[in-house]
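Hi everyone, thanks for making the time. Please have a look at the model on the screen, and I'll walk you through a few parts of it.

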Amino acid sequence: MAARVIAGLVLWCIGWCAQGAAQDGAATQGGVTVLGAVRHAGAAAMPAPPTVDALLDAAGGLELQAYRFATLLLRPAGGAQPPYVCVSPGARHAALLIENDPVLRGEQAVVSGLLSGTLERLPALAPPFGRLGSDRSGATLLQPGDLLAVPQRTAQVYVVLRDGRVSILPHRPERSAADYLAEGPADRLARPRDYVLHTPEGHVTALAVEGWNAQPTAVPPGSMLAPTATCLPVPQ
């Protein structure tokens, strides 16, 4: 009887280990990675359908403190060679959200990839219904090797200075974009009218900070105010 029990345990262990190895193989060959405020972070097999929502479900869903609208979909770009003197605003914003997050800040390889141009940020979530000129087909489909990072809710706003350095300011709901720019170091800011607002989900909004009829621009937490540019300098 004891021999049968032992044999059964051995067979169960072999099957369990084989299943785990198969899952690990799926994650490394054609799989994706999920980091941050999800219930089960780590390597994962490609979900079906290959969407961000399906991957979040496969990771057990979001944790209570997750900042869903700041979900970052990152993909290897390749071809960038150091020294890399500037990066896209999307990559710069993603690096700021990661390196200032209490859980993700340890992912220095991801931050280095964004600031060296070897990782790029793609739209993670479909535009909401009602956004002018948009529909639910705007979400990016996952590819093998993609990385999904979910930051926690933040109470910060990032203001990029002329030299690429960043002033980190506390978020307050009553403040507008003009208020944050007025609080930054005036001698190191670009002209206020040259700034645009990058929201956590990756949308870009022009600012109206001058003129008698200018309306204050609301700033969600985790937003980045940066000079209008296709490439932002990376401080060395």
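Let's begin with helix H4, residues 108–116, where Val110, Val111, Gly113 and Leu114 are buried. Buried here means under 20% relative accessible area, exposed means over 50%, and partly exposed is in between, with a 1.4 Å probe and protein chains only. Looking down the axis of H4, the buried residues fall within an arc of 160°, so they line one face of the helix; that arc is taken from the directions from the helix axis to the C-beta atoms.

A quick word on where this comes from. This is a predicted model, so local features need pLDDT of at least 70 and side-chain atom pairs count only at pLDDT 80 or more, while totals for chains, interfaces and linings use all residues. Residues are numbered from 1 along each chain as its sequence is written, and side-chain values use heavy atoms, with hydrogens and water left out. Helices (H or I, at least four residues) and strands (E, at least two) are DSSP runs, numbered from the N terminus.

Back to H4. What do its buried residues pack against? Their partners include strand E1 (32–36), strand E3 (72–76) and helix H3 (89–99), where contact means heavy atoms within 4.5 Å. Just after H4, Gly117 has a positive phi of about 85°.

Now E3. Four of its five residues are buried, so E3 is largely enclosed by the rest of the structure. E3 pairs with E6 in the antiparallel sense over three bridges, and with E5, also antiparallel, over four bridges; two strands pair if DSSP finds at least two bridges between them.

Cys86 is joined to Cys231, with S to S at 1.8 Å, and the link is right-handed, with 100° about the S-S bond. Cys86 lies in strand E4 and Cys231 in the loop between strand E11 (224–227) and strand E12 (232–233), so the pair ties together parts that are 145 residues apart in sequence. Are these cysteines buried, or partly exposed? Cys86 has 22% relative accessibility and counts as partly exposed, and Cys231, at 28%, counts as partly exposed too.

Next, the sheet. Five strands form an open sheet in the order E8-E7-E11-E9-E10, with mixed pairing. Its edge strands are E8 (166–170) and E10, each pairing on one side only. The twist averages 25° from one strand to the next. Helix H3 packs on this sheet, touching E7, E8, E9 and E11, and its direction makes about 145° with that of E11; axes are lines fitted to C-alpha atoms, for helices over the stretch in contact, and angles run from 0 to 180 degrees between N-to-C directions. Nine of the 11 residues of H3 are buried, so H3 is largely enclosed by the rest of the structure.

Last stop, strand E9, residues 195–198. Tyr195 and Leu197 point one way, Val196 and His198 the other, and all are buried. In a regular strand the side chains alternate between the two faces of the sheet. E9 and E10 form a hairpin with five residues between them, and Gly202 in the turn has a positive phi of about 105°.

Terms used: Disulfide = S-S within 2.5 Å.
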